[in-house]
Structures are given as structure tokens and as C-alpha cells.
Amino acid sequence: MAKPLLQIALDNLNEKDAYASITQVAEAIDIIEVGTILICAEGKSIVQKLKTTYPNKIILADAKIADAGKILTPMMLDSGADWTTLICCAELATIAGALEVAAERSKDIQIELTGYWDFDQAVAWRGLGVDQVVYHRSRDAQAAGVDWGPADLDKIGRLCELGFKVTVTGGITVDDLKIFAKYPIYIFIAGRSIRDAPNPLAAAEAFQIELARLWK
Ligand code: 5RP
């Protein structure tokens, strides 16, 4: 199986802190996520700044778009994002519109699976041509003590079988990676476990080493 990519989530509260995080670890990271929190704090300009600073990295704008797909998706993509996210409760028409404007730009969208969704929706997303989903244990669920379990793995396996490129995220640590090792995961996102580590670069490198060990 191909080695999954490593994405850092910049859920910093401001631009200065975001740059303090990314400058320490960029060399060990495949994808830079401009987190929802950072976009809310700084607006689309931070997407453009990060793409200008890191033109060779994939930039993901985690906008979690719920509506107005043909307005908000170009807002992110034309600011320099290669990909942006829509939330799973978005109407199919919103997702179709977002896909259309992304394809016009040779860019992509991801459906973020936070909160309720079901496999009828997932089949419909595939029917529209969606390639990427983000399986997300929400920050608030994690804080309430929700751990990874067999139900998560079953859903991740089914999403892979449907042909999605699956990203996994939500408080992921290096020790968690082995739980997912039998699946062809496309991307793992780590935010706090890299940003808040005593040595963020060493933390990112530890992810890459474990990904290479488990997916070969
Ligand atoms: C992804 C997100 C977060 O940015 C992601 O879950 C990573 O953050 P952390 O590893 O700190 O939980 O919303 O969709």
C-alpha cells in the first residue's frame, strides 16, 4: 500500500502563531492545512500568504463549506488553496457546484465527515464524482472521551471500498497510526500532536517514520 501523506492542521489563533508552527516543520510535511479556526481568525488572506510562502506544498483550506458552494469554493481556491472542504450536511447541489468550480481550476474538494452522515449520502457523493472524504473524530467528541473504535474502522473500510481517497483526523497521535494500518489511507492530519509537541519537527518526523514502517 502507498505510504499515506502527512498533513499538518494549522488551527492557530492568528497568523503569527501559524507561521511559528509551520516554519519549524514544513520540511517534514506533505500538506499544509489552513485550519477552520485560522481561516475564521484571519480570513482568506492567510490562505494566499501560506501558498505564496510554500508554493510547492499542497495547501488545504479547511473552510467546511455548508452552502453557497459556487461562491465560497472559488473564494478559497482562488486565494491559493489547492483543495478545500465542504461539510457533509451540505446539499448535493452545493457539492455539485463546488466540484464544478474546482474542476474548472484543476483543483479538488473534500467532504468533511464531522457529525451525522450516512452511506446513502456517500454513494451519492461518489455519483457526483467526489474523490476525497475526511473521516473526522471531532475535537469536541475527543474532548468528551470518544476514542477510535471498531465502528470507525468499519466505516473507513467501507469508504475505501467505495473508491474514496480517505483522510483520517481528530486528535491523531503517532501511536494511533497502527489502528488504521490495514486500510489504504490517503492522508493523516495531525494538528495539536505536532504543533504542541516539545519539538514539533521531531514529532512530524516521527509520524513520517511510522507511516513508512506501517504502509510499505
Ligand atoms: C480537520 C480539523 C482539524 O484541523 C483536525 O482534526 C486536526 O486537528 P487535531 O489533530 O488537533 O485534532 O478540523 O478537519
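I worked on a predicted model, in which local features need pLDDT of at least 70, side-chain atom pairs count only at pLDDT 80 or more, and totals for chains, interfaces and linings use all residues. Residues are numbered from 1 along each chain as its sequence is written, and side-chain values use heavy atoms, without hydrogens and water.

Ligand site. I found 14 residues around the ligand, of which Asp-11, Thr-169, Gly-171, Gly-191 and Arg-192 come nearest. I then looked up polar contacts (pairs of N or O atoms within 3.5 Å). A side-chain N or O atom of Asp-11 is 2.5 Å from a ligand oxygen. For His-136 I noted a polar side-chain atom 3.1 Å from an oxygen atom of the ligand, and for Asp-62 the distance is 3.2 Å. The ligand on its own has 370 Å² of accessible area (Shrake-Rupley, 1.4 Å probe), and the protein covers 95% of that 370 Å².

Fold. I took strands as DSSP runs of E of at least two residues and helices as runs of H or I of at least four; two strands pair if DSSP finds at least two bridges between them. Eight strands form a closed barrel in the order S1-S2-S3-S4-S5-S6-S7-S8, with parallel pairing. Strand S3 (residues 58-65) runs parallel to strand S4 (residues 83-87), and three bridges join them. In S4, Thr-84 stands opposite Ala-61. I also checked helix H8 (residues 150-161), which packs on the sheet and touches strands S5, S6 and S7 (contact: heavy atoms within 4.5 Å).

Definitions and conventions
Axes fitted to C-alpha atoms, helices over the stretch in contact; angles between N-to-C directions. Near = heavy atom within 4 Å. Polar contact = N/O pair within 3.5 Å; in protein donor to acceptor, adjacent residues only side chain to side chain.
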